[in-house]
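Hi everyone, thanks for coming.

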There are 2 protein chains.
Amino acid sequence: MSDGGATTGRPGELQGEARRARFGPREAPTTALLTDQYELTMLRSALQAGTAERHSVFELFGRRLPDGRRYGVVAGVGRALRALRSFRFDEESLTFLTEGGVVDGRTAAWLADFRFRGQVWGYPEGEVYFPGSPLMVVEGSFAECCVLETLLLSIYNHDSAIASAASRMTLAADGRPCVEMGSRRTHELSAVAAARAAYVAGFDATSNLEAGRRYGVPTTGTAAHSFTLLHADEREAFTAQLAALGEGTTLLVDTYDVEPAVRLGVELTQGRLGAVRLDSGDLSALAVRVRALLDSLGATSTRIVVTSDLDEHAIASLSGAPVDSYGVGTALVTGSGHPTSGFVYKLVARAASDAADAPLVPVAKKSQDKVSVGGRKYALRRIDARGVAEAEEIGIGTAPEDDGNDRPLLVPLVRDGEIVGEEPLEAARERHRAARAELPLEARKLSKGEPVIPTRFVGAAAPTANPYATAGGPR
Amino acid sequence: MSDGGATTGRPGELQGEARRARFGPREAPTTALLTDQYELTMLRSALQAGTAERHSVFELFGRRLPDGRRYGVVAGVGRALRALRSFRFDEESLTFLTEGGVVDGRTAAWLADFRFRGQVWGYPEGEVYFPGSPLMVVEGSFAECCVLETLLLSIYNHDSAIASAASRMTLAADGRPCVEMGSRRTHELSAVAAARAAYVAGFDATSNLEAGRRYGVPTTGTAAHSFTLLHADEREAFTAQLAALGEGTTLLVDTYDVEPAVRLGVELTQGRLGAVRLDSGDLSALAVRVRALLDSLGATSTRIVVTSDLDEHAIASLSGAPVDSYGVGTALVTGSGHPTSGFVYKLVARAASDAADAPLVPVAKKSQDKVSVGGRKYALRRIDARGVAEAEEIGIGTAPEDDGNDRPLLVPLVRDGEIVGEEPLEAARERHRAARAELPLEARKLSKGEPVIPTRFVGAAAPTANPYATAGGPR
């Protein structure tokens, strides 16, 4: 967190990319069993039927945004690419699958040799998305694309839900730093991914140490109420904290009475206290009182950090209060009411036959309440003359010549099995900042509404009725 | 899944505990950085102040149930004990913490030697809980208890949220098997824990293969729409699946038109088809039509599996329909509206001084909206003469003599640092079944309401106003 805020970490020599390269990431030895059984039983059936190698195109997309949201944020791309790299069936996995009768010997042999050799295009991390945006297009044999379904969806559904909520929070904070501190309210490893996704969407730091080690997200944190309660009184506790962490630290001042605690913090630091943290009560009124008190005591540069069940609405309601930074927990890690993105992964095209040069034909299931559009897509963001996004344009096949008013949204992520889309996390964070700034001003509204730009299906393959035009349709 | 349902796994020789012992669990090498930074900065301050070794008692509890829920389910106990075992600061972690300035040399040295040597009592896994139930009591030095906060909360908050939702679903299903298939809608490792928690709460199987490998949860799965779309028509697809997986398999019949698909499945198996799966449309009406069709074709033992955004309410509404089992995804892994349990971990007592024989004194923060009750607790479930639970009784200190009408709820989990509370997952599943059956009948209501039994604080240490008596108080 660049302004210091509640951060106690004193940066050592290793920072940013160098630190990332040194310490992380360290993933599970294999991700191959983070998979739904039906992918392997489909593989088994297709191998036996001789259809497993049919050339196929799968698409990962959301039929709609979470109810009332104006835009979504793509996150998890980097994690998905890393997970793809370790998607190998090791001997233990194969023994488990074979002994349990999930796969037969032929399927096990295929899995033992498995390495994804296909193509993946996708929206780059941090980009915004809309209903129907083809967030990831996976092309290869049916077999190799089919087995990635659950892993890719898990990562995208989780990380994008967190980033989408986080982006609303950083918008509401309007430049004031936001710190992610929700680890305790979600699965211990979701917490690490959530800290990463929040950082992509503009959060400045996290309380989660593993997110610091694994992804280089700045970490922060000072003390809880238990530290004060451990000691005879606040004087003993604050003195101990200041001695260890220095005057720039953040003191938690609401264990007993806020006013005497603030006075004590100022007294013990001769007015040089870094920050105070308020974690209960009417934060808006309290911040006004505490700011006035700090100023009256000469502690004009002591900052005020607020925490306590904040979400984007609470942050917005504090915009007029003298608050310097926000710590956000539960609402962030649970996607602020939308803990999953609802993305699906569908076969959209396949070879017409098993001939080597067979053309791709679009496919789609028929059920009325779960539409999808067949065919391999391109996607563009149409930008108007003022540089403002005006539509998400999706078509089948190759994108038209650029007329200077659109931005192609799909970039290569994997080429012939080789991962080519990895990038520093800072690049995703910067991309998000730019993509969000390009949206119409209505994107800043926290109230429920329609997607801030429409999704347009163009060209011959457009469905007669645009299935994604209406948000909040049938589930 | 004992009745076969949509299960294709053909059990090999290794089952249940033997399989668990053979294949899992395999955790990350260390869980020590799944921690909020403030725990280590508090440790650093306390070490410097000489207060780190003060004898302390922390308690993990929830101030209330999720809004409107009648009871909660404790899950994650076994995972927490395993995570505790691998909570060690390895060299890489220490280098990360030291170079980043999070800890100083003295703190790093303490962490390098760290091993939890204290005591832990807790509600055993699968037990039900109520507002204020002391789900876990951790006793030891301040330092060793303090550093476990985030890891324990993450595991309990996630797993109990899933189990609490799952229990309502299995109640609503009223004996019909439920299959967990939500992996794709949550973080890839939350998915594994969710499958485990759902199993504790009565689910019969999961789609998640890693949950099978790691925890021995039965796995199941057959085919998605993509498998049908890969082939020229349903005849080619179904023929392929039946050839590989046998007539006992489950055919997905709603890719095109349900009726011809059902007829085809029956035809291809001469009426011996295991099951059909319906994944869209009006499931209740559709199940009635499909049952009639199956019966008219002589396929009277072909089962009907339904999936498609089910939650406990949808399951209950299908109770009159001829459905044989339920597949539940999104609603399960997101806790059906309550993705976290809201548990906190608070210092409730500490030594009055640093003297070796100093008595414990209760401590509690003062803020009005986040009450806690100081002191080390006992907890009993009061059972009436008919064997029905009537109250959650919580007191400070040692439980009174058993008068034959109560069940002690806290069991030893860790004794002098040694983990003593591990048990087979089946034991937790059986415990949940029994504990839920003991609750008053109102526990079966899915509508919003008060906790089904009251929480009573007893004895001298009872607060003048019971802080947990009212559900849905201030957040």
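**Where chain B meets chain A**

So, between these two chains, 113 residues of chain B are in contact with 113 residues of chain A. Please keep in mind that this is a predicted model. About 9500 Å² is buried between chain B and chain A, and carbon and sulfur atoms give 54% of that area.

One to look at on your screens is the salt bridge between B:Arg79 and A:Glu188, where the closest N and O atoms are 2.7 Å apart. Between chain B and chain A there are also 54 residue pairs in polar contact, with both residues at pLDDT 80 or more.

Which element gives the largest share of the side of chain B that touches chain A? That is helix H2 of chain B, residues 37–49, which contributes eleven residues. As for the make-up of that side of chain B, its residues divide into 40 nonpolar, 42 polar and 31 charged.

Let's stay with helix H2 of chain B for a moment, and zoom in on B:Gln37, which lies in it. Is B:Gln37 buried or exposed? Its relative accessible area is 0%, so B:Gln37 counts as buried, the cut-off being under 20%. Within chain B, B:Gln37 and B:His158 are 121 residues apart in sequence, and their C-alpha atoms are 20 Å apart in space.

That's my tour, thank you!

Key: Residues numbered from 1 in each chain as written. Chains lettered and ligands numbered in written order. Predicted model: local features only at pLDDT ≥ 70, side-chain atom pairs only at ≥ 80, totals over all residues. Heavy atoms only, no water. Contact = heavy atoms within 4.5 Å. Buried area = accessible area lost by both parts, 1.4 Å probe. Salt bridge = Lys/Arg side-chain N within 4 Å of Asp/Glu carboxyl O. Polar contact = N/O pair within 3.5 Å; in protein donor to acceptor, adjacent residues only side chain to side chain. Helix = DSSP H or I, 4+ residues; strand = E, 2+ residues; numbered from the N terminus. Nonpolar A, V, L, I, M, F, W, Y, C, P; charged D, E, K, R; others polar. Buried < 20%, exposed > 50% of the residue type's maximum accessible area, 1.4 Å probe, protein only.
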